[in-house]
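Subject: Structure handover

Hello,

Here is the structure we talked about. Please open it alongside this email; my notes follow below.

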Amino acid sequence: MKFQLTEDQLMIKQAAREFAQNELKPGVIERDSHMKYPAEQVQRMGELGLLGMMVNPEYGGGGMDTVSYVLAMEELSKIDNSCSVIMSVNNSLVCWGLEKYGTEEQKRKYLPNLTAGDKIGAFCLSEPEAGSDATSQRTTAEDKGDYYLLNGTKNWITNGGSASVYLVMAQTDVAKGSKGINCLIVEKGMDGFIVGAKEDKLGIRSSDTNTLIFNDVKVPKENRIGDNGFGFTFAMQTLSGGRIGIAAQALGIAAGAYELALDYAKTRKAFGKEISQHQAIQFKLADMATEIEAARLLVYHAAWLKDQNQNYDLASSMAKVFASEVAMRTTVEAVQIHGGYGYVKEYHVERLMRDAKITQIYEGTSEVQRIVISRSILK
Ligand SMILES: Cc1cc2nc3c(=O)[nH]c(=O)nc-3n(C[C@H](O)[C@H](O)[C@H](O)COP(=O)(O)OP(=O)(O)OC[C@H]3O[C@@H](n4cnc5c(N)ncnc54)[C@H](O)[C@@H]3O)c2cc1C
């Protein structure tokens, strides 16, 4: 067992930290308040290689391992979770899915732009009537010979407005249930594809989350990923890896709130001494540090399993459910340690508390993770 990061991994962590502290922190409060999409920051993320970290350099990626990716996700998530969710969806759902299951032609066509950040990707599974129960797809992809006719509505789609490449799950053969679902690559600008309004959210407010509407969109057959009927398996396998990214996001939120609370506790005085000298605050900090370390081990372990080509489905669900709950608990306590100052935007912890909540919901709710975990341990 080795618990040490390599030189390369440490360098990536440091570079991501510097980028987050120097380039994401200034302006993060305003972007969050005004729901302003971080266009310049995303462009920089592309330049720095943060948008296709694990993709083979042959397709423009960084060729890095999953551990490096979670280290970078953790550092960005300490500061700006709108940027880190954009990064997570682009890396783990879109680029990973395309590279793993796409045809050579699809990879050459889409990956170089997606890894450079010239184009952003979106992953479109959820619908008004299909969230946790993702098999209930109402969006249809009718087989018309050399193309699919796509009709339906997707909602809650991260990067919905800013993306150019959309991986859309749709039902082709209802009789086959989940085995009749396909994943199609849809491009912005295709006739009949409409991007709906941006949601006004509790957290990750500057990332865009939109409803997407497909009205008789003709999608060429060559845009299908995998064999006919592979779409649901594609979505589940991609989400299993995606959960490691969201777990890393949750870990970063918790660690970021903890760092702020620790610094604050050492400077704020009450009753003639720093509040860090009061045992009640010390115990909060001790619990935060312990839980964060436990979450970190789960997240890094899940990433390591993926890098070793071992099964990581159980590990990624465990990492996500635990890290997201640690993120909630830690951010609530970080606000408490800041007292009244924690309740206002200037001190950053209230934003992290709002951001933490989504990590318990997207890419499978905490309840869904527990279903995955219990199925695995009971089989
Ligand atoms: C900001 C944001 C970004 C998102 N980004 C994307 C995206 O990019 N792409 C995408 O496809 N989707 C995205 N989603 C959708 C997200 O994945 C879903 O919201 C999530 O899967 C839950 O689905 P739902 O909202 O329909 O809730 P429901 O499935 O209706 O669940 C409601 C509640 O019931 C619980 N529940 C449901 N079934 C069970 C069960 N069997 N046992 C116990 N409890 C259960 C759930 O855990 C939850 O607490 C995003 C959502 C948000 C809010």
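Start with the loop between α2 (28-34) and α3 (39-47), where M35 sits. Helices (H or I, at least four residues) and strands (E, at least two) are DSSP runs, numbered from the N terminus. M35 is not a glycine, yet has a positive phi of about 55°. Most residues other than glycine have a negative phi.

Two points on the source. This is a predicted model, in which local features need pLDDT of at least 70 and side-chain atom pairs count only at pLDDT 80 or more, while totals for chains, interfaces and linings use all residues. Residues are numbered from 1 along each chain as its sequence is written, and side-chain values use heavy atoms, with hydrogens and water left out.

F271 lies in the loop between β9 (269-270) and β10 (273-274). Is F271 buried or exposed? F271 counts as exposed, because its relative accessibility is 81%. The cut-offs: buried is under 20% relative accessible area, exposed is over 50%, and partly exposed is in between (1.4 Å probe, protein chains only).

Helix α5

Helix α5 covers residues 81-101. Its 21 residues should span 30 Å at 1.5 Å a residue, and the end C-alpha atoms are 28 Å apart, which agrees. The expected span is 1.5 Å times one less than the number of residues. α5 has a kink of about 30°, centred on C95. That bend is the angle between axes fitted to the seven residues ending at a residue and the seven starting there.

D80 caps the N-terminal end of α5. A side-chain oxygen of D80 lies 3.0 Å from the backbone nitrogen of S82. α5 is mostly covered, with 20 of its 21 residues buried. S84 is in α5. S84 counts as buried, at 0% relative accessibility. S84 and A257 are 173 residues apart in sequence; C-alpha to C-alpha, they are 16 Å apart in space.

α7 has 37 residues and should span 54 Å; its end C-alpha atoms are 54 Å apart, which agrees. α7 bends by about 25° at S240. Of its 37 residues, 28 are buried.

How do α7 and α8 pack? Helix α7 (residues 231-267) and helix α8 (residues 279-307) pack at an angle of about 155°, with axes 9 Å apart. Axes are lines fitted to C-alpha atoms, for helices over the stretch in contact, and angles run from 0 to 180 degrees between N-to-C directions. α7 and α8 are therefore roughly antiparallel. Under 35 degrees counts as roughly parallel, over 145 as roughly antiparallel, 65 to 115 as roughly perpendicular, and the rest as oblique. The α7 and α8 crossing is left-handed (near helix turned anticlockwise from the far one by less than a right angle; clockwise is right-handed).

Helices α1 and α4

The axes of helix α1 (residues 7-24) and helix α4 (residues 66-77) come within 8 Å and cross at roughly 25°. That makes α1 roughly parallel to α4. Their crossing is right-handed.

Around N182

N182 is in strand β5 (residues 181-187). N182 counts as buried, at 0% relative accessibility. Its side chain makes a polar contact with the side chain of N228, at 2.9 Å. A polar contact is a pair of N or O atoms within 3.5 Å; within protein, one must be able to donate a hydrogen and the other to accept it, and residues adjacent in sequence count only if both atoms are side-chain atoms. The side chain of N182 also reaches the backbone nitrogen of G229, at 2.7 Å.

Best wishes
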